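Reader: Please walk me through this structure. I want each label checked against its definition.

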Amino acid sequence: MSTQWPLEYDPKYLPSPDSPYWNEKVETMDPQEREEKIILPKLKAQLKYAYENSPFYKKKWDAAGIKPEHIRSLEDFEQIPFVTKDEIRQDQMEYPPFGSNLCIPKEQIARVQGTSGTTGKPTAFGISKGDMMRIAEAHARIMWGFGMRPHDLVFIASFFSLYWGSWGALLGCERLGAGSFPFGAGVPGQSDRALKWMKEIKPTIFYGTPSYSLYLAEKAKAKGIDPRKDFNFRILFFSGEPGAGVPSTKKRIEEAYGGICIDSGSTAEMSPWMSNCECEYRTGMHLWQDIVYAELVDVETKKRLPYGKEGATVYTHLERTSQPMIRFWSGDISQWTDEPCPCGRTYPRLPKGIYGRADDMFVIRGENVYPSAIEDVIRSIEGMGDEFRIIITREKTMDELIVQAEPAPGVDKALVPQLKQKLEAELRAKGLRTIVEMLEPGTLERTEFKARRVIDKRQLYDEIIKK
Ligand SMILES: [Zn+2]
């Protein structure tokens with residue numbers, strides 16, 4: 001492994017088509033050896049670079065009394081203070097548009113991207129030319145890991161404006177030599193056209209959000225199209241939502257399309273480095289530690305946790321020259337393990353995916369609730385439709401949780417009261433007292449992007465009470 005940093009990759013390199021690995025040596029290496037020989041040297045170089053080129057980190061680490069040369073091990077690395085989403089937003093407001101962490105002159109920006117701003121002020125990303133190449137390399141390597149090959153044709157069914165995920169997928173396909181169909185999403189009538197093209201062109205791999213794939217499958221069936229027979233997807237991979245890691249959602253997607261469902265993605269600030277991603281065995285997302293170094297940290301003590309535990313994910317870029325994130329506190333909750341995976345890779349895994357997205361969490365009667373837990377219950381019940389809504393209200397100062405669901409199309413109306421009872425009972429077994437409202441099939445809004453399924457009306461109640 002070269003000690004050069006930033007890393008330069010040979011853009012012509014491809015593994016042998018029958019190799020399951022892009023880089024067998026690194027992917028299957030003894031984890032401790034990989035930490036010493038690859039991760040730590042990259043980390044040290046990344047820290048030095050950030051300190052010298054990012055006023056943001058210089059100020060932050062000086063205030064904490066830390067210099068990059070103090071960090072000699074991954075244990076030392078725990079001394080580096082976390083970076084939060086709010087801090088990045090605040091910094092971008094003070095130093096618009098890219099913040100004081102850009103690290104490169106504006107003239108060297110190859111690509112401007114941004115977050116979609118669904119949860120607050122959008123964040124602006126300015127990506128260097130070298131980073132574009134490293135993004136492509138990382139994606140190609142990881143996508144190879146779940147089975148994408150140069151003979152594949154990839155249908156990218158998600159937004160192509162501010163959503164980084166679509167662009168990262170495209171860059172990776174091109175680097176890997178696979179064909180791509182950057183179809184996009186969000187234009188009126190586009191879902192109907194997507195069905196038509198998927199049937200005619202027969203792409204072999206699908207990329208989008210889990211919500212959208214289920215919506216497309218439902219729409220196809222209503223038109224008499226069978227996604228298993230009339231399309232030709234052998235792999236469907238997803239990011240942007242936790243769904244592809246939610247067991248019952250994964251099952252529904254695989255049953256609908258007849259291909260394997262792959263979960264990927266971390267958080268917008270780290271993207272599009274697709275450094276959390278499942279392999280073809282779908283045992284939970286691998287943490288590709290030599291691309292982005294991930295830690296699982298106790299939410300209270302902020303200390304790194306042993307394998308088997310649940311905590312918050314913290315990420316560090318190891319090869320990013322523009323806006324590197326170093327110990328980025330995503331707030332997302334997961335559990336990690338180092339149990340072996342049949343693929344032979346020695347990366348740790350998140351066996352249950354990221355089931356607690358910080359942005360999605362709500363608190364009801366003092367308990368933290370993640371919508372993905374409710375999603376898993378709903379989609380595990382046969383006869384229940386894919387879509388749902390969670391409405392939180394406040395009655396006489398008591399929080400009330402209402403779950404709206406639909407029977408699947410074609411389900412006998414006489415069975416609906418049983419579905420309602422079953423859902424209520426299963427949610428109660430998980431400690432959630434809810435009122436279930438069953439709606440007519442097709443009532444709830446479908447989405448082409450990330451679903452916003454939680455509607456919190458409590459503030460409204462508080463405002464009424466104040467008057
Ligand atoms: Zn694996």
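Author: The model is predicted: local features need pLDDT of at least 70, side-chain atom pairs count only at pLDDT 80 or more, and totals for chains, interfaces and linings use all residues. Residues are numbered from 1 along each chain as its sequence is written, and side-chain values use heavy atoms, with hydrogens and water left out.

Reader: What makes residues donors of the zinc ion, and which are they?

Author: A donor is an N, O or S atom within 2.8 Å of the metal (3.2 Å for Na, K and Ca); water is not among the atoms, so sites may look incomplete. Cys279 (SG), His286 (NE2), Cys341 (SG) and Cys343 (SG) coordinate the zinc ion at 2.1 to 2.3 Å. Along the chain, the donors have the spacing C-x6-H-x54-C-x1-C.

Reader: Why is the arrangement called tetrahedral?

Author: Four donors count as tetrahedral if all angles lie between 85 and 135 degrees. Here the four donor atoms subtend angles of 104 to 115 degrees around the zinc ion, so the arrangement is tetrahedral.

Reader: Are cysteine 341 and cysteine 343 buried or exposed, and how do you know?

Author: Buried means under 20% relative accessible area, exposed over 50%, and partly exposed in between (1.4 Å probe, protein chains only). Cysteine 341 has 7%, so it is buried. Cysteine 343 has 8% and therefore also counts as buried.

Reader: What is the strand order of the open sheet of five strands, and which are its edge strands?

Author: Strands (E, at least two residues) and helices (H or I, at least four) are DSSP runs, numbered from the N terminus. Two strands pair if DSSP finds at least two bridges between them. The order is E5-E4-E6-E7-E8, with parallel pairing. Strand E5 (179-181) and strand E8 (260-263) are the edges, since each pairs on one side only.

Reader: Which way do the residues of E6 point?

Author: In a regular strand the side chains alternate between the two faces of the sheet. Ile205 and Tyr207 point one way from E6, Phe206 and Gly208 the other way, and all are buried.

Reader: What makes strand E20 and strand E21 edge strands?

Author: They belong to an open sheet of four strands, ordered E20-E19-E18-E21, with mixed pairing. Strand E20 (435-438) and strand E21 (454-456) each have a single partner strand, so one side of each is left without a neighbour in the sheet. Strand E19 (residues 398-407) pairs with E20 in the parallel sense over four bridges. Glutamine 404 stands opposite glutamate 437 in that pairing.

Reader: What is called a nonpolar core, and how many residues has the largest?

Author: A nonpolar core is a set of buried Ala, Val, Leu, Ile, Met, Phe, Trp, Tyr and Cys residues joined through side-chain atoms within 4.5 Å. The largest has 71 residues, and Trp61, Met148 and Phe237 have the most contacts inside it. Helix H5 (residues 129-145) gives the most, with eight residues.

Reader: What does tryptophan 61 touch?

Author: Contact means heavy atoms within 4.5 Å. Neighbours within four places in sequence aside, tryptophan 61 is in contact with Leu47, Ala50, Tyr51, Ile66, Pro68, Ile80, Pro81 and Ile326. A second, separate core of 25 residues includes Phe181, Met198, Tyr212 and Ala256.

Conventions:
Four donors count as tetrahedral if all angles lie between 85 and 135 degrees; four count as square planar and six as octahedral if opposite donors are over 155 degrees apart and all others between 65 and 115; anything else is irregular.
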